[in-house]
Amino acid sequence: MQSKTTSGAMLEAMREKPPLVHCITNYVAMNIAANVLLASGASPAMVHAAEEAGEFAGIASALTVNIGTLSTQWLDGMRAAAKAAASSGKPWVLDPVAHYATAFRRQAVADLLALKPTIIRGNASEIIALAGGESRGQGVDSRDPVEQAEDSARRLAERQQAIVAVTGAVDFVTDGARAVRIKGGSVLMPQVTALGCSLTCLVGAFAATAPEDLFGTTVAALATFAVAGEDAALGAAGPGSFAWRFLDALAALDGEALDARARVSIA
Ligand SMILES: Nc1ncnc2c1ncn2[C@@H]1O[C@H](COP(=O)(O)OP(=O)(O)O)[C@@H](O)[C@H]1O
Ligand SMILES: Cc1ncsc1CCOP(=O)(O)O
Ligand SMILES: [Mg+2]
């Protein structure tokens, strides 16, 4: 088996053995997130009912949990799934969408953090607030630059013993010690709803492919979005044509091109 040491090798390994990714995500993101995973070579399943989420997490290779359209019943399913993933040693990714906005969300995220996500992916405002800082987030959208979230990400990674990925104009990934920045993508990406949510699901798919290297798999997922986003923007007239071009760009990207074009630097 080819070693999965580079982002490109991880992408090819994922396509060779498509991981079943259990995505508990929001109503807005379900369709595009599933299509992003299929285009990238993974196998998505959007399963959230409390009656089955724990059992399903046990048969999937990774779990992603996104609180975008949260409800009490959904939270029950999230907790059951997170406990099942954690107890079976499977990676699970938390996307704390707009957790700062309401008391309900803040409590939900506190409960989920206590279940030890292995990776946390959010925009700069979400990560600043999650680490206890003052963020300027508005609803689900970030109003803070990523560079102002880097220290928060390092502290959060240390505190949670997790990988933390902050996305925006230049992404940042850390395990609390190591850290890299990833350039690329397009200004059109935040204009398409649920691309961040979709990226969280792709982080789960890569994590399932090489769970022994969650730092590397998280970088690989973000680099995949960065390169595909640049490709999709080339011919896009706006967010609408960008969205379908982005799916095509993900499907067209191969490991060699990803390794050749990913712009990852040590932070
Ligand atoms: N200004 C930008 N330039 C290039 N890429 C961006 C920009 N803003 C966001 N992205 C990319 O869009 C994707 C979604 O991330 P983001 O918008 O930060 O998350 P969220 O949707 O959760 O707020 C990521 O791949 C990120 O790198
Ligand atoms: C608009 C909206 N409302 C609740 S979840 C959601 C989608 C958020 O997607 P993303 O965090 O990827 O921008
Ligand atoms: Mg988001």
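Reply: Ten residues surround ligand 2 in this predicted model: Asn26, Val28, Gly68, Thr69, Val140, Thr193, Ala194, Leu195, Gly196 and Cys197. By class, the shell of ligand 2 splits into five nonpolar and five polar residues. No charged residue belongs to the shell of ligand 2.

Now the polar contacts of ligand 2. Take the backbone of Cys197 to begin with: one of its N or O atoms is 2.8 Å from an oxygen atom of ligand 2. The backbone of Gly196 also takes part, with an N or O atom 2.9 Å from a ligand 2 oxygen. At Ala194, a polar backbone atom and an oxygen atom of ligand 2 are 3.4 Å apart. On its own, ligand 2 has 370 Å² of accessible area, and the protein covers 77% of it. The space that ligand 2 takes up is the largest pocket.

Ligand 1 also sits in the largest pocket.

Side chains make the following contacts with ligand 1. Arg121 places a side-chain N or O atom 2.9 Å from an oxygen atom of ligand 1. Thr167 has a polar side-chain atom 2.8 Å from a ligand 1 oxygen. For Asp171, the distance from a polar side-chain atom to an oxygen atom of ligand 1 is 2.8 Å. Ligand 1 exposes 550 Å² when taken alone, and the protein buries 84% of that area.

Ligand 2 has the backbone atoms of Ala194, Gly196 and Cys197 facing its oxygen atoms. Ligand 1 has side-chain atoms of Arg121, Thr167 and Asp171 in polar contact.

Last, the setting. The protein chain has eleven helices and nine strands. Its radius of gyration is 17 Å, close to the 18 Å that the globule rule gives for 267 residues, so the chain is as compact as a globular protein of that length. The C-alpha trace spans about 40 × 40 × 35 Å along its principal axes.

Methods
Residues are numbered from 1 along each chain as its sequence is written. Chains are lettered from A and ligands numbered from 1 in the order in which they are written. This is a predicted model: local features need pLDDT of at least 70, side-chain atom pairs count only at pLDDT 80 or more; totals for chains, interfaces and linings use all residues. Side-chain values use heavy atoms; hydrogens and water are left out. A residue is near a molecule or strand if one of its heavy atoms lies within 4 Å of it. A polar contact is a pair of N or O atoms within 3.5 Å; within protein, one must be able to donate a hydrogen and the other to accept it, and residues adjacent in sequence count only if both atoms are side-chain atoms. Accessible areas come from the Shrake-Rupley method with a 1.4 Å probe; for residues, only the protein chains shown count as cover. On a 1 Å grid over the protein atoms alone, a cavity is a set of points where a 1.4 Å probe fits but cannot get out, and a pocket is an open set with protein on both sides within 12 Å along at least five of seven lines; lining residues have an atom within 4 Å of a point. A molecule sits in a cavity or pocket if more than half of its atoms lie within 2 Å of its grid points. Ala, Val, Leu, Ile, Met, Phe, Trp, Tyr, Cys and Pro count as nonpolar, Asp, Glu, Lys and Arg as charged, and the others, Gly among them, as polar. Helices (H or I, at least four residues) and strands (E, at least two) are DSSP runs, numbered from the N terminus. The radius of gyration is taken over C-alpha atoms; the globule rule is 2.2 Å times the number of residues to the power 0.38.
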